[in-house]
Amino acid sequence: MSNYRYWLGGAFVLAALALIPTSGSAYTTTLLFTMLISYTLAQSWDWVGGEAGYINLAHFAFYGIGAYAFCLSLLNGIPIALCFVIAVVVTSIVALVVSFPLFRLRGDYFAFATLAILPLTELLAFNFDFTGGADGVVLPPKYVLFEAYYLAIGLVGLTAIATVWLIRTRFGYALKAIRNDEEAAEICGIRIFPAKSGVLIMSAGFASLAGALQGWQLSYIDPTTVFGLDVALIPIAMALLGGSGLLWGAVVGVIILSLFNQLLIVSLPILQTAIFGLLLLLIGRYMPGGLLRSGIIRNNRWIGFLGREHDRFVKATAGVTMTDGLPLPKQSDMKGQPVLECRNLTMAFGGNVAVDNISLTINAGEIVGLVGTNGSGKTTLFNCISKVFEQKSGDIIFLGQNLAGARRDDASKLGIGRTFQIPQPFSDLTVAENIAMPLMYRGAVSASLPDALGLATQFAEYVGLTDHLSARADSLNLQQKKALELARALACRPRLLLVDEVASGLTPMEVRNFVNHIRELRDNYGITIIWVEHIFSALAQVVDRVIVMEQGSIIADGPLDDVVRDERVLRTYLGSAAPEAV
Amino acid sequence: MKYTIGLFALGTAALAATSLITPAHATVGSCTEPVTFGTTISSTGRYSTLADKWRNMTIEFAKMINENGGVNLKGCGKKLPLKIIIYDDQSVPSTAVSLFERMATVDKVDFFVGPDWSAMGFPVPPVAEKHKIPMVMANVAAPPIFKRGLKYMWGTPMPTVPNWSTRYFDMMSKQTPRPKTIYFITQDNPVTKALTGFWSKKAASLGYKVLGNELFSVELKDFTSLVLKLRIRKPDIIYISSFDSPSVPLIQQMRRLKTKAKDVHHALLSGKLHKQVGNDLEGVTGEIPWYPGVKGPYSDFTEELVKRANVDMFEYPWTMSRISAYLIMVQAVERAGTVDREKVRAALFKGTFDSPTGQIEFNENGYAHKNGAFTLQVQNGKPVIVWPPEIATGKFVYPSPSWQ
Amino acid sequence: MDASIIIQIALGGILLGGLYAMVAFGLSLIYGVARILNFAHGTLLAVGGVAASAIFTATAWNPLLIMALLVPVLGLFGYVFYDKLLQPLTKRSHFEYTVGSVLVTVGALLILSDVAAWIAGPAPRNIPLRFEAMEFGDVIVSTTQAWILGGIIVFTIVLHFYIKKSWFGRAMRAVTQDHTGATICGVQADRVHALTFAFGSGIVAIAAVLYTMLFPVDPYMGFSLTVKAFTIIILGGIGNLVGALIAGIFLGLAEGFTSFFWATQWAPAISIVLLLVILVIFPQGFGWRKSK
């Protein structure tokens, strides 16, 4: 373990910072104070931006709300320690409230909407009486630079610890999953809204403390100072310039931009801002992943470590093998009893009925093939069962539980695993991390991150991805991605596995391999399987029965041999060519 | 190992960069080195629209003082040159604070002049207090700034809220028919709000009926609703308390929608407003702290200064506050006779100083509480000083014909 | 309540809203094809406005002539800006494209405003051109306003049909809807992107001149215009000009009536509150946009 070096290094840096006020000038102290505040802002922004992938342009509003809450409390004679608490609580509540409308939006729309929040908070601060309006909030003119500075060191320490904590915990991984694919994250058993709202609140809380400290040090705040659009983008630019999503990104971005800006201010009478902007522009143009992701840094012997991605900081627990084969729980033998029942299930998009009044029962230990032409409703049926869509009417009963109104992560936790027809891996995570994700999120049996990564090796081995464990998922080819899909679905430790066209495009050899996997999963681990596939020869090797769908309805259900002789199946499934051929 | 060395390298680089922007120190208070003032100016950023010419003006000021030999120090028995260190605070208060810390500890300036604006007038003085450096601020007009009990801080704001419109209301009281009603329109800004807050009460006590008091945000562009309210209430006087840029559409839309009043008063009138609204400003009254041609102490000096610095006093009326701050600091140092901060502080305390606007007198809070303004009216496209009568360059036209 | 008052307020709101929509048009088209958060958009407009005002002060030309001069200049600027700074980023990963474009546009914002303030001074300026007012009973319409409003409406319609019918417009829409698909169908996506950037920046020049005729501009005001424009785009739909015009007018009217019936100081807040409320009800925008 090399953890102690980080703690030692961190403690060393903070101790060195703590000595500055006694050894350096007050100017150095203010400069460093500004940098500490900027770091807190940039890093806490990056938890939402870099980790969860939501560009939150309202981050500065939390800073301002914290400053206001703190200064107003202090003015009303509340003890100062409590004022900081109030700042965090008030800001967290605001963050919680706004997270409801904001997280209905995805991608750039989220960014647009958050952009509008800053001017709104500025106007509210102007217009309310209790905020003092344009007059701002005036604190007693105490010189508190050194007190504020020491507190800022503490805050930065906390921010750094929180960042490291995010790297090493499943909460952090939930955010990484959300950044990549929210649907797949839910399928892995992650409840996404609490995670998103949680990280927003966490980030808002830290920003509010930064605001409180800054307000305290300035002894005065007014709406334009703490909510002004003109400075709001700078902390974000700092995080992005250093390298968003990297441990050292915000640190490096803040140091470089703060010092550069100060250097420009004290040495140039004109055009400082333009030159500052030019630096941002050039970094954006030539090192768009951030300074630390550039080759110059990464290939450097001495400072290359600054550019390490998160996965390099976590180590898998070695030798967690519990069983031969896959680390899947032995499932109680309930052979022959129904696992899944669909009753009069209907799903429609607008007027287009994709699943039309379907009823079916799948028994424990069965391998069922689900076939039908393109657009016959197979994938929609899967999506309903795994709760990607909420059905329009009808019931889905899984192991005796009605899934009406259940979320995707509920379905996953109950034991429904699935693969996607078009693989949806978490692209910027490694194969091991992809597989580890659901292992950390299965309720009572969830594993810690190192354990999950250890277990993931076994799943990877099972699907033949051992050599690619530390490869990024987006560097895999299609077949490997499909294998990863299967491994991730298995890692959900499902009782019912929904397999969506995994075999298409595989060589006969690979298909045989895959069929063996399917059989083994049932025989050794008692997993019930529904398999959507076009390749009949593959199905023929393993399925107990076949369900045929056409235009949203089931047109045949029975052993494969019977079904292929069914007139309707031949006519519709094999197309009009079939009868002519007879 | 690599990690430790890397961290060390990073730390060293950061320290090196810090020292790069931390030059060698000067010594305080000798008889050989120049008298040093330190100031920040909002040359860029949101406040720069009012301040962009001051850097040049400040350099010219020091040059002109030095052309006359410099600052006369009895204690040294000679004149010492004046040096002013100027930084751009980029209109950001925390930047201003760190720059004043820099001037106190790194540049080791003797005295502070400036900064401007309430946003900086609150956070900066505690720095001066901490380092015991007297400072004379310029455009910091929000009255609460002077009620915080700080002992090293003075300010020469123009407008001084309780005096700003005194002459205007004096003039209006002597007009026939006497105006009876007034409507206040205020930009949402601490200074303009303080003006309205003071003068709406005062107007009521002077016998005016206050028909309305409307606050608007700088963001507001469409004033139709506000102007319609004016049309409905029909006030005699429309008192606009706003800086020049936000009220450009207001004045234009008042004209478009044929607003009528006996007098329209734009309390913070400037040439920039005039440039933008042109003829629409005809007949509007305003106020200005000083204008070339008004004689007083240092008026020749100031006229020469603004000419050299290419500052049009009608366009940049707030320049007067800056110049006054500089003049007062020079006078205070000369009165103290030495570059001793405590002696200068004593000279500033409740002191009275010369300025082209007349005598500037500080109260015990460091507030230049007597600064007033001259009333002017735009006549035939030119600003004409109409009140007080002893210095007026033209006659007040009332009721204003263009607003009928 | 007097009907003339309602009409008068509505006129003011429509005019302001139309102007905001003009500000949003260019951004809407650019966002549609390039999918970047162009933080420099409003600043380009502000700087264009400053330039227009400076030209007017120096030459007293007709604003239409100034427009004719500025459109190609800003258009060329947009083309080069995209081609040299943003286009190379499209070759990178999605993450790098997003981060890089944010840094580039924020950098451009700072450079544009600072250089403009340095050259032309930071003081607010406008095009002080005034026409006579027309009176219809108690309702007064200034000829400037009428011209500008008429211009905006005609411009929106022409632009709308241009985008609907012309080859370039169709290519632009194709790329907006489906990048890969359009490329397969033989549209040179890179070229369409750059041309759209040029086209959008050209529209910015027109909007800048119109804006400067009514309101003061200064080099530092740009970012708040960007925020306004993004608000309108969300409501009106990406690449949907008529939607943007309706959204702009809707917000303009809301501000006008808030100011009259409630308090002037709350007027600018209402559009943001409306935006958030509408987003809660329709997360997909205001409904002009087809749900995906």
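**A cavity, a contact and a chain**

Student: Which elements each supply at least two residues of the lining of the second largest cavity?

Tutor: This is a predicted model. Chain B gives one of these elements, α11 (248–256). Chain C gives the others: α1 (3–34), β2 (139–142), α5 (143–165) and α8 (189–214).

Student: Which element gives the largest share of that lining?

Tutor: Look to chain C, where one helix supplies 5 residues of the lining of the second largest cavity. That helix is α1(C).

Student: Which lining residues are the closest to the centre of the second largest cavity, and what is its volume?

Tutor: The search of the whole structure finds 9 cavities of 30 Å³ or more. The volume is about 280 Å³.

Student: How many residues of that lining are nonpolar, polar and charged?

Tutor: Sort the lining of the second largest cavity by residue class.

Student: What area is buried between chain B and chain C, and which residues of chain B lose the most?

Tutor: Chain B brings 34 residues to the contact and chain C brings 38. The buried area is about 3,000 Å², with 60% from carbon and sulfur atoms. Three residues of chain B together account for 20% of what that side buries. They are B:Lys221, B:Arg256 and B:Gln276.

Student: Is B:Ser225 buried or exposed?

Tutor: B:Ser225 sits in helix α10 (residues 224–233) of chain B. Its relative accessible area is 0%. The cut-off for buried is under 20%, so B:Ser225 counts as buried.

Student: Which residues is B:Ser225 in contact with, leaving aside neighbours within four places in sequence?

Tutor: Turn to chain C for these partners of B:Ser225. They are C:Ile9, C:Gly256, C:Ser259 and C:Phe260.

Student: How many helices and strands does chain A have, and what box do its C-alpha atoms fill?

Tutor: The secondary structure of chain A comes to 24 helices and 12 strands. Along the principal axes, its C-alpha atoms fill a box of roughly 95 × 55 × 45 Å.

Student: What percentage of the residues in chain A is buried?

Tutor: Chain A has 582 residues. Its accessible surface is about 21,300 Å², and carbon and sulfur atoms hold 60% of that. Among contacts with a separation of 6 or more, 74% join residues 24 or more positions apart. The buried share of residues in chain A is 61%.

Terms used
Residues numbered from 1 in each chain as written. Chains lettered and ligands numbered in written order. Predicted model: local features only at pLDDT ≥ 70, side-chain atom pairs only at ≥ 80, totals over all residues. Heavy atoms only, no water. 1 Å grid on protein atoms, 1.4 Å probe; cavity = no way out; pocket = protein on both sides within 12 Å on 5 of 7 lines; lining within 4 Å. Points joined across faces, edges and corners; volume = space filled by probe spheres on them. Helix = DSSP H or I, 4+ residues; strand = E, 2+ residues; numbered from the N terminus. Nonpolar A, V, L, I, M, F, W, Y, C, P; charged D, E, K, R; others polar. Buried < 20%, exposed > 50% of the residue type's maximum accessible area, 1.4 Å probe, protein only. Contact = heavy atoms within 4.5 Å. Areas by Shrake-Rupley, 256 points an atom, 1.4 Å probe, with all protein chains shown as cover. Buried area = accessible area lost by both parts, 1.4 Å probe.
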